[in-house]
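Subject: Structure handover

Hi,

Here is the structure I promised you. Please open it alongside this note. My findings follow below.

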Amino acid sequence: MNKKLAAAVSGGAVLMLVLSGCSEQSDNKSSDWAKKVCDKWQPEYKKIEAANADLKRVATESSKPDEVKQTDSAAFQTMSEAFGSISLALRDAGDPGGKDAKAAADAAAKGFDDTAKGYAELKSKMDQLDAADQTKFAAGLQELSSGLEKVSADEKAAREKLKAGGLDQPMAEQKGCQAVAPSPAQS
């Protein structure tokens with residue numbers, strides 16, 4: 001059961017913002033804006049990567065339900081906080097310049113807020129699961145997987161807002177927004 005949960009997390013909810021873009025230089029205002037955002041995002045990426053690694057670890061090992069519950073709860077809390085910080089960085093960076101770019105950044109920030117709230121809800125639900133009853137615990141994990149799918153969709157929609165606003169290209173030029181794709185999990 002927990003393997004399915006980890007697969008959902010690593011498959012969609014991992015915020016590895018691999019932004020594609022052209023090689024031509026963006027204007028200075030959007031480039032400066034992207035640097036402000038990406039510099040603040042980089043530490044959040046690291047927190048999300050570590051949380052996802054913990055989720056995968058307890059899903060692939062023969063972990064006891066108590067360990068799974070503790071680890072998943074902590075990971076969801078970390079992700080909630082990280083996505084909240086990602087949203088705040090977008091808002092704090094100001095106007096990125098360009099047509100409709102501010103509206104796109106605001107819409108993306110809202111999407112990342114929704115992602116943060118989704119992880120907070122997952123943490124709350126995880127905390128309520130009874131790890132002493134393995135059958136109920138497994139059923140609870142199964143229910144959480146649909147919540148993970150929604151969180152993943154919120155995060156993806158937020159990234160699409162950035163792309164629609166043309167903000168993906170200046171962000172792709174910034175080191176803080178570049179990420180290496182995660183290696184596939186061992187079978």
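Helix α2 covers residues 28-60, a run of 33 residues. At 1.5 Å a residue it should span 48 Å, and its end C-alpha atoms are 46 Å apart, so the two values agree. Bear in mind that this is a predicted model. α2 does bend, by about 30° at Q42. A proline, P43, follows within four residues of that point.

Helix packing next. The axes of α2 and helix α3 (residues 65-92) come within 9 Å and cross at roughly 170°. That angle is over 145°, so α2 and α3 count as roughly antiparallel. Their contact holds 16 nonpolar, 4 polar and 9 charged residues.

Further along, helix α4 (residues 101-128) pairs with helix α5 (residues 134-164): their axes come within 7 Å and cross at roughly 170°. These two are therefore roughly antiparallel as well. The contact of α4 with α5 has 15 nonpolar, 4 polar and 6 charged residues.

G97 sits between α3 and α4. G97 has a relative accessible area of 15%, so it counts as buried.

Now the charges. The count comes to 10 salt bridges.

- D39 and K35: the closest N and O atoms are 2.8 Å apart. The residues are 4 apart in α2, which means about one helical turn between them. D39 is partly exposed at 44% relative accessibility, and K35 is partly exposed at 43%.
- E44 and K47: the closest N and O atoms are 3.5 Å apart. Both lie in α2, 3 residues apart, about one turn of the helix. E44 is buried, with a relative accessible area of 8%, whereas K47 is partly exposed at 41%.
- K150 and D154: the N to O distance is 3.0 Å. They are 4 residues apart in α5, about one helical turn. K150 is exposed at 53% relative accessibility, but D154 is buried at 16%.

Salt bridges with shared partners also join R57, E61 and E67 into one network.

Best wishes

Note on methods:
Residues are numbered from 1 along each chain as its sequence is written. This is a predicted model: local features need pLDDT of at least 70, side-chain atom pairs count only at pLDDT 80 or more; totals for chains, interfaces and linings use all residues. Side-chain values use heavy atoms; hydrogens and water are left out. The expected span of a helix is 1.5 Å times one less than its number of residues. The bend at a residue is the angle between axes fitted to the seven residues ending there and the seven starting there. Axes are lines fitted to C-alpha atoms, for helices over the stretch in contact, and angles run from 0 to 180 degrees between N-to-C directions. Angles under 35 degrees count as roughly parallel, over 145 as roughly antiparallel, 65 to 115 as roughly perpendicular and the rest as oblique. Ala, Val, Leu, Ile, Met, Phe, Trp, Tyr, Cys and Pro count as nonpolar, Asp, Glu, Lys and Arg as charged, and the others, Gly among them, as polar. Buried means under 20% relative accessible area, exposed over 50%, partly exposed in between (1.4 Å probe, protein chains only). A salt bridge is a side-chain nitrogen of Lys or Arg within 4 Å of a carboxyl oxygen of Asp or Glu.
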